[in-house]
Amino acid sequence: MSYTQLPIFDQSGFVIVDSYEQEADPREWENLVFVDWKSSGDTRFAPLASAYGDMECDGFWNHTPPKTDKDGVWVQQNIDIAPILTRRAREVGANIGRCRVIELQPNTYADAIYNLHRDDNNRLNPEGTGWIVRSFYNLTDNPDSMMILREDLDDPSTEVRVPLPAGAQVVIDTQRLYHAVWHPGDQPRYCLITSYESGPELDAWISTRNPVTVIESPFMDPAEIAQGNESAMNKRAARAAARAESGSDSESSMEVLSEA
Ligand SMILES: [Fe+2]
């Protein structure tokens, strides 16, 4: 399959760019309309752009007619509430698919490892067009929370942990990298997630913001990593067994993993 992909993602599958001065802006996300979507209780979403402009967050391919994660339609009620977030999403200039604010409740490292997943952004995406990647703009100040990225789901040696202070901006090939957020604390975290089509507009936006593709992860006790990894692997195995027993291979009939 051949798509336009940006070379800057080759090395690690993610790019961190200059932080945005988030704390100078009003907290628009506090007034947005959030919808429950296949949530196990730890996440909710407020759509700014959805498949057809409705207040919902389902995958674009689950609509009639189905579409790939491009050409999102703005959700008027929420973009009226959050003009700055909308402007920031549009500023990139690339084709936008889904665009939404996530609310994530506090969790543990083991929860996050269990939640690691890859996205299906490019389902129905026509070959010869741009590969879809996702940006994550952290809105709340969560310097102790981490975007956890892994090339290999079960292998902690492939793990990168990106701290999420207010204004952190990370663009991730979420179909390549397993990802989830570890969010300790006692308040929910809010983040703007946008799907973009790779192409010259996204390339220009990234390249003018001092992109970094390799970081040293903040230190973590190896025992805590091993413990979290084992707990997640055991839960994953139990889930697979339950699914096999119920004769279902459908993700939709099972617990849905938490987005990042
Ligand atoms: Fe995801």
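Tutor: Strand 5 and strand 8 (residues 169-172) run antiparallel and are joined by 4 bridges. Helices (H or I, at least four residues) and strands (E, at least two) are DSSP runs, numbered from the N terminus, and two strands pair if DSSP finds at least two bridges between them. Within strand 8, V170 is the bridge partner of F136.

A word on what you are viewing: this is a predicted model, in which local features need pLDDT of at least 70, side-chain atom pairs count only at pLDDT 80 or more, and totals for chains, interfaces and linings use all residues. Residues are numbered from 1 along each chain as its sequence is written.

Strand 5 also has strand 10 (residues 189-197) as a partner: the two run antiparallel, with 7 bridges joining them. Here V133 has Y196 of strand 10 as its bridge partner.

Now look at how enclosed strand 5 is. A residue is buried if 20 or more other C-beta atoms lie within 10 Å of its own, exposed if 12 or fewer, and partly exposed in between, with C-beta atoms placed from the backbone. In strand 5 (residues 132-138), 7 of the 7 residues are buried, so the strand is largely enclosed by the rest of the structure. In a regular strand the side chains alternate between the two faces of the sheet. Both faces of strand 5 are covered: I132, R134, F136 and N138 are buried on one side, and V133, S135 and Y137 are buried on the other.
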